[in-house]
Amino acid sequence: MGLKKKLVIGALALTALGTIGGSEGYPPFYTKKVGTSVGINLGLMNDFQYGAKHYGINIGLINAVTEGSQVNGVNLGIWGGNEGVVIGVNANLLMNLQATKTLEPKDAGKVNGLEVSIFNLPHGDADYYFSPSAINGAQIGFVNSGRGNLFQVGIYNHNRSEDGKSDRRIPVINWRFD
């Protein structure tokens with residue numbers, strides 16, 4: 001690659017980073033979202049607080065959609081925790097964790113659309129309850145766990161009815177439309 005091409009690519013990259021609005025032109029390390037936002041949200045760690053609604057694209061290494069918050073559009077990252085609602089695409093490379101601190105599994109993360117990750121799992125810590133996310137759509141990954149009206153593709157697929165009384169574990173392709 002010639003020097004001219006390198007300079008043009010470098011200038012374009014610096015211009016793109018400069019328009020993000022982070023500290024000194026770089027993406028912010030931690031983005032805490034409250035209220036309503038529209039557009040592209042970029043940060044290394046994105047935390048959506050109770051009542052926050054984002055319309056557009058959320059991109060981060062770690063994305064936390066906390067209880068009472070919502071992302072409408074695309075949620076992209078490496079690792080994601082979901083106690084809120086994602087309407088659209090929830091895609092995290094390594095893991096999508098769903099969690100709830102209440103006894104009601106209906107309070108865990110909800111995805112209306114597509115959820116993609118290597119592992120789509122419920123949270124397993126002691127202060128959280130096992131609660132697969134409520135999916136109305138499709139879940140794609142090596143290991144999937146969900147409940148609701150869903151279609152799953154992966155090596156291990158576990159789905160549960162909305163009332164939690166019926167479990168199904170089927171490899172490769174699994175579905176439930178209650």
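Contact here means heavy atoms within 4.5 Å. This is a predicted model, in which local features need pLDDT of at least 70, side-chain atom pairs count only at pLDDT 80 or more, and totals for chains, interfaces and linings use all residues. Residues are numbered from 1 along each chain as its sequence is written, and side-chain values use heavy atoms, with hydrogens and water left out.

**Exercise 1. Find the partners of Val111, leaving aside its neighbours within four places in sequence.**

Step 1. With those neighbours set aside, Val111 is in contact with Asn82, Val86, Asn90, Ala134, Ile135 and Asn136.

Step 2. Now look for Val111 in the largest nonpolar core, which has 8 residues: Phe48, Ala52, Val65, Val71, Val86, Val111, Ile135 and Leu150. A nonpolar core is a set of buried Ala, Val, Leu, Ile, Met, Phe, Trp, Tyr and Cys residues joined through side-chain atoms within 4.5 Å. Buried means under 20% relative accessible area, exposed over 50%, and partly exposed in between (1.4 Å probe, protein chains only).

Step 3. For background, nonpolar side chains tend to be buried together in soluble globular proteins.

**Exercise 2. Decide where the model calls for caution.**

Step 1. The protein chain has a mean pLDDT of 78, with 72% of its residues at 70 or more; pLDDT is the predictor's confidence in each residue, from 0 to 100.

Step 2. Residues 17-23 have pLDDT below 50, and this stretch has 9 contacts beyond near neighbours in sequence. For residues 124-128 the pLDDT is also below 50, with 6 such contacts in the model.

Step 3. Where pLDDT is low, the predicted coordinates should not be read in detail.

**Exercise 3. Trace how strand β3 pairs.**

Step 1. Start with the inventory: the protein chain has 1 helix and 12 strands. Helices (H or I, at least four residues) and strands (E, at least two) are DSSP runs, numbered from the N terminus.

Step 2. Strand β1 (residues 30-33) pairs with β3 (residues 45-48) in the parallel sense over 4 bridges; two strands pair if DSSP finds at least two bridges between them. Here Tyr30 stands opposite Met45.

Step 3. β3 also pairs in the parallel sense with β4 (residues 53-65), over 4 bridges. In this pairing, Asn46 is opposite Asn63.

**Exercise 4. Is Asn144 buried or exposed, and which residues does Asn144 touch?**

Step 1. Asn144 sits in strand β10 (residues 143-147). Asn144 counts as buried because its relative accessibility is 0%.

Step 2. A polar atom of the Asn144 side chain lies 3.4 Å from the backbone nitrogen of Gly141.

Step 3. Neighbours within four places aside, Asn144 is in contact with Asn120, Gln139, Gln152, Val153, Gly154, Tyr156, Asn157 and His158.

Step 4. Follow one of these, Gly154, which belongs to strand β11 (residues 150-160). Gly154 has 12% relative accessibility and therefore counts as buried.

**Exercise 5. Describe the surroundings of Gln70.**

Step 1. The side chains of Gln70 and Asn72 are joined by a polar contact of 2.7 Å. A polar contact is a pair of N or O atoms within 3.5 Å; within protein, one must be able to donate a hydrogen and the other to accept it, and residues adjacent in sequence count only if both atoms are side-chain atoms.

Step 2. Beyond neighbours within four places in sequence, Gln70 has contacts that include Ala52, Val65 and Ile87.
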